[in-house]
Amino acid sequence: MTVRIATWNINSVTARLPKLLEWLESAEPDVLCLQELKCAADAFPYEQVRELGYETAAHGTGRWNGVAVVSRLGLDDVVRGLPGQPGYLADGALLPEVEPRAIAATCGPVRVWSVYVPNGREVGHAHYRYKLEWLEALRKAAEEDAAGPRPFAVLGDFNIAPTDEDVFDVAAFEGLTHVTPVERAALEALGEIGLQDVLPRPLKYDRPYTYWDYRQLAFPKNRGMRIDLTYANKPFVDAVTDSYVDREARKGKGTSDHAPVVVDLDL
């Protein structure tokens, strides 16, 4: 059985709906993990996606985050939010907010988490500490599935470049988030539970970047980062036949600033 799984930070499913529908028809993923929906769960375009043969489990409040799993292999055992997920205490807030940044589902033979890891904002900021706490909650939440015999992966926008090679110029990020040793150590801790980075191939250039800023011609200049990742257990990794960044989906007007990452499995 061939299974195609993808992840994409869509950067507003409402604004990118034509792009999403076009990509579903052309790429034909069996499972698509989405991040940064920027819409409430009840406002997700379920019917338009259903017309293409997909079910959707969404988790969002209408603000700048939100995640979903879109599947044509079924949706079972859906979990919204990480067990033990920390909240973020914004400036002036009385209580921390537990944000919609994770959703899990079993899709046929595979179980996935779609995650949108907090950005971190600035080193030393409360959001940076929140990011590290959130990653620890993710590690604990994924531990049981990671150790099981079923193919399992955590896919999404991790807001971390795993190595210096995963940014166009590491000097440009000196002192900034996404590349700090502490963040990378939190990402590497996923290896302690048996998950490993599935490295995709680029469709152009020599590095498989997944994100390019809208500003300063970053995309045509290929000033990118690889922050959209797939961390998978051994049964998943052993089944991988190909993985690539669909850079073509980043081209043109009205696109997300991220490109989809596709992983093909032979199960």
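**Figure 1. Salt bridges in the predicted model.** The model contains 20 salt bridges, each defined as a side-chain nitrogen of Lys or Arg within 4 Å of a carboxyl oxygen of Asp or Glu. The structure is a predicted model, in which local features need pLDDT of at least 70 and side-chain atom pairs count only at pLDDT 80 or more, while totals for chains, interfaces and linings use all residues. Residues are numbered from 1 along each chain as its sequence is written, and side-chain values use heavy atoms, with hydrogens and water left out.

**Figure 2. The salt bridge between Lys38 and Glu36.** The closest N and O atoms of this pair are 3.5 Å apart. Lys38 is partly exposed, at 33% relative accessibility, whereas Glu36 is buried, at 11%. Buried denotes under 20% relative accessible area, exposed over 50%, and partly exposed the range in between (1.4 Å probe, protein chains only).

**Figure 3. The salt bridge between Arg111 and Asp145.** The N to O distance is 3.2 Å. Because Arg111 belongs to strand E7 and Asp145 to helix H3, the pair ties together parts that are 34 residues apart in sequence. Helices (H or I, at least four residues) and strands (E, at least two) are DSSP runs, numbered from the N terminus. Arg111 is buried at 6% relative accessibility, and Asp145 is buried at 19%.

**Figure 4. The salt bridge between Asp166 and Arg207 and its network.** The side chains of Asp166 and Arg207 meet at 2.9 Å, N to O. Asp166 is in the loop between E8 and H4, and Arg207 is in the loop between strand E9 (196-197) and strand E10 (211-212), so that the pair links distant parts of the chain, 41 residues apart. Both residues are buried. A network of salt bridges joins Glu165, Asp166, Asp197, Arg207 and Arg226.

**Figure 5. The largest nonpolar core.** A nonpolar core is a set of buried Ala, Val, Leu, Ile, Met, Phe, Trp, Tyr and Cys residues joined through side-chain atoms within 4.5 Å. The largest one has 26 residues, of which Val115, Val154, Phe158 and Leu195 touch the most other members. Elements that each supply at least two residues include strand E6 (102-107), strand E7 (110-116) and helix H3 (126-147). H3 gives the most, with 8 residues.

**Figure 6. Surroundings of Val115.** Not counting residues up to four places away in sequence, Val115 touches residues including Gln35, Val67, Trp134, Leu138, Val154 and Phe158; contact means heavy atoms within 4.5 Å.
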